[in-house]
Amino acid sequence: MKKNLSEDFSMEDSLEQIIQEKNLVYRPTRLMTGATLSYCPGCGHGTIHRLIMEVVEEMGIQAETIGVSPVGCAVLAYDFMDVDFTEAAHGRAPAVATGIKRLWPDKYVFTYQGDGDLAAIGTAETIHACNRGEQICIFFVNNGIYGMTGGQMAPTTLEGMVSSTTPYGRNVEQMGPPLKITELVAQLAGTYYVSRQSIHKAATVRKAKKAIRKAFEVQKEKKGMAFVEFVSNCNSGWKMTPNEANQWMEDHMFPFYPLGDIKVDGKLVKNVIQDL
Amino acid sequence: MAKVRGAIVVDIERCKGCEVCVVNCPTDVIAMSKDVNSKGYHYAYMEHPDDCTGCTNCAIVCPDGAITVYRIKN
Amino acid sequence: MKEIALIKGNEAIAEAAIRTGVDAYFGYPITPQSEVLEYLQLQKPEERTGMVVLQAESELAAINMVYGAAGTGKKVMTTSSSPGISLMQEGISYIAGAELPCLIVNVVRGGPGLGTIQPSQADYFQATKGGGHGDYRLIVLAPASVQEMADFVDLAFELAFKYRNPALILSDGLIGQMMEKVELPEPKERFTTFDQSWVITGKTADRERNIITSLNLDPELQYEHNIKLQQKYERMKEDVMFESFQTDDADFLLVAYGSSARICQKVVDVVRGRGKKLGLLRPITLFPFPTEVISELSRRVKGILSVEMSTGQMVEDVRLAANGRVPVYHYGTFGGKIHSPEDVLNAIEEKFIGGF
């Protein structure tokens with residue numbers, strides 16, 4: 001017992017040595033407002049918000065960045081990311097961002113949208129903003145479900161996947177197959193960078209952050225639309241624990257929504273027709 | 001032999017107990033406390049602090065930005 | 001000397017927009033107002049003044065581009081016609097909720113539904129009572145000539161920025177398509193410096209974030225916001241505008257706006273020629289409505305006839321203003337038909353029996 005105690009003490013001493021400002025290697029960016037996130041435990045929104053803000057901080061562009069939040073779980077995104085924001089009507093974020101960017105052509109404008117917002121009600125605005133090559137970034141979070149309204153089928157819900165409006169699983173005969181809108185927009189001339197990422201593992205978070213950085217760089221150089229999808233979980237909607245949901249996502253979502261760059265420097269790097 | 005040693009500080013009140021950090025820790029440092037924070041969540045803590053390398057994996061996957069990481073070379 | 005031009009009402013809107021320093025136009029083609037976008041594109045406003053002009057993929061997109069752009073604090077506008085304005089209602093509600101200044105022009109055609117492409121005044125309710133969801137109002141201006149189509153662009157922006165509220169010009173296919181001689185507005189600089197205290201520019205260290213939103217999940221806050229809006233709409237009464245035409249000694253009163261007011265002016269002349277005392281009150285602002293002056297006149301006249309190209313919409317506001325003091329009738333054709341002065345004369349004889 002005594003021995004254990006003394007070990008504990010030495011450990012405490014050494015923790016104190018380690019936890020000092022000079023040894024700091026990671027602290028959440030100060031461009032998050034500090035407000036408690038309204039998302040469920042284990043939801044990816046918080047991580048994606050933070051990565052976007054880390055990139056904005058690293059590029060030193062907070063004073064030039066304007067976000068557009070959607071209708072959906074991320075409707076209050078402006079409470080968490082410390083940049084100017086406009087809250088858009090359901091699905092209209094790319095049109096709202098177009099209006100902002102056309103009047104502030106030298107500022108950085110991004111939309112943050114879920115799958116229902118971007119790929120169902122906002123399909124027209126998404127496709128046309130991409131087709132015009134608006135100089136904005138679209139960050140698209142695909143968790144295969146309508147989270148905020150309680151887990152209904154989304155355009156991205158997988159075949160056979162259970163949701164509150166497909167209680168026996170998505171029947172593609174009746175509902176059509178899930179929509180791969182990212183592969184779709186990659187084929188438009190206006191998109192310059194299109195990528196699909198995830199944020200459930202440390203390694204994929206690092207890649208996702210690079211994709212976000214790339215997207216902002218594309219906007220900086222006014223090359224065209226930068227579109228990044230994040231395949232994420234909706235563990236409460238899927239009715240799983242966060243870690244179970246992430247595993248389910250790897251097993252079921254990734255085969256249908258494969259990760260990686262789809263279009264780089266205006267050129268397709270994947271056979272998107274085959275992937276459709 | 002120089003040993004990299006790390007430590008994390010969990011913002012207990014921000015932690016929602018999702019456990020994503022637990023599975024992302026390569027050295028199995030993190031566990032969930034038996035206690036709960038003011039919102040009723042079991043929060044993450046270093047169960048095996050000696051094994052922490054300060055790799056930051058837990059912090060960068062934390063959806064709530066609840067983890068700060070420190071690292072030192074002994 | 002002022003520049004004179006012979007142009008269509010729709011072109012007058014477009015030319016005035018360029019001249020008075022409008023920063024952006026987002027629109028989608030629809031008859032009978034497509035000339036606005038066509039004229040703008042032809043004029044290369046991006047070269048003339050730097051004005052942004054973009055053809056959107058739909059009216060939904062157009063109004064949401066306006067919403068986004070209006071958040072930059074600059075002068076932005078759109079134009080459409082009835083079915084397109086219906087599509088925009090969601091966006092207009094957001095703009096009103098977020099208290100953004102902008103200009104929307106409705107060159108009204110007959111409805112309901114796809115209706116007809118001929119002129120109508122059947123969008124009065126939609127324009128003046130809100131139109132979309134929630135308790136809100138637009139500033140509504142009703143031009144009666146091509147000259148006013150040109151003049152009201154700048155006036156609408158002045159009011160929109162004064163109150164940080166969307167303004168709507170309620171025109172119709174008649175005035176939109178009609179050609180008249182117009183004194184073009186004096187060229188005006190685009191905004192170079194302007195109030196940026198509330199606009200989205202990117203957060204700098206010296207200020208809090210600016211958020212453009214119509215969302216208040218807390219009912220207490222939303223309640224307070226609604227009170228603030230209502231107080232603003234009340235204040236707008238100081239900008240009521242109307243035109244009185246031979247009302248001083250009138251026994252009977254016509255109330256008409258826009259195209260109908262032009263027709264009624266002719267009617268007043270004819271009736272006066274017959275020695276009868278008829279007057280015309282033309283509301284220029286439909287919101288705020290000239291309730292007070294109509295109320296005042298209702299104490300002096302024997303009857304009021306509201307003349308509008310609808311089955312009877314403005315007549316409700318006229319009745320509220322008259323408050324039962326005198327009979328208030330409605331006359332008007334609708335569904336794209338335009339009443340002639342003779343039609344109105346017949347209605348006067350029918351309604352005001354014994355009076356004339």
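How much area is buried between chain C and chain A, and what share of that area do carbon and sulfur atoms give? About 2700 Å² is buried between the two, and carbon and sulfur atoms give 61% of that. Buried area here is the accessible area (1.4 Å probe) that two parts lose on being put together, summed over both.

This is a predicted model, where local features need pLDDT of at least 70 and side-chain atom pairs count only at pLDDT 80 or more, while totals for chains, interfaces and linings use all residues. Residues are numbered from 1 along each chain as its sequence is written, chains are lettered from A in the order in which they are written, and side-chain values use heavy atoms, with hydrogens and water left out.

Back to the interface. On the chain C side, Glu57(C), Lys203(C) and Arg209(C) lose the most area to chain A, together 22% of what that side buries. Four salt bridges (a side-chain nitrogen of Lys or Arg within 4 Å of a carboxyl oxygen of Asp or Glu) are counted between the chains. One salt bridge joins the side chains of Arg92(A) and Glu90(C), at 3.8 Å, N to O.

Here's who takes part in the contact (heavy atoms within 4.5 Å):

| Chain | Residues in the contact |
|---|---|
| chain C | 35 residues |
| chain A | 36 residues |
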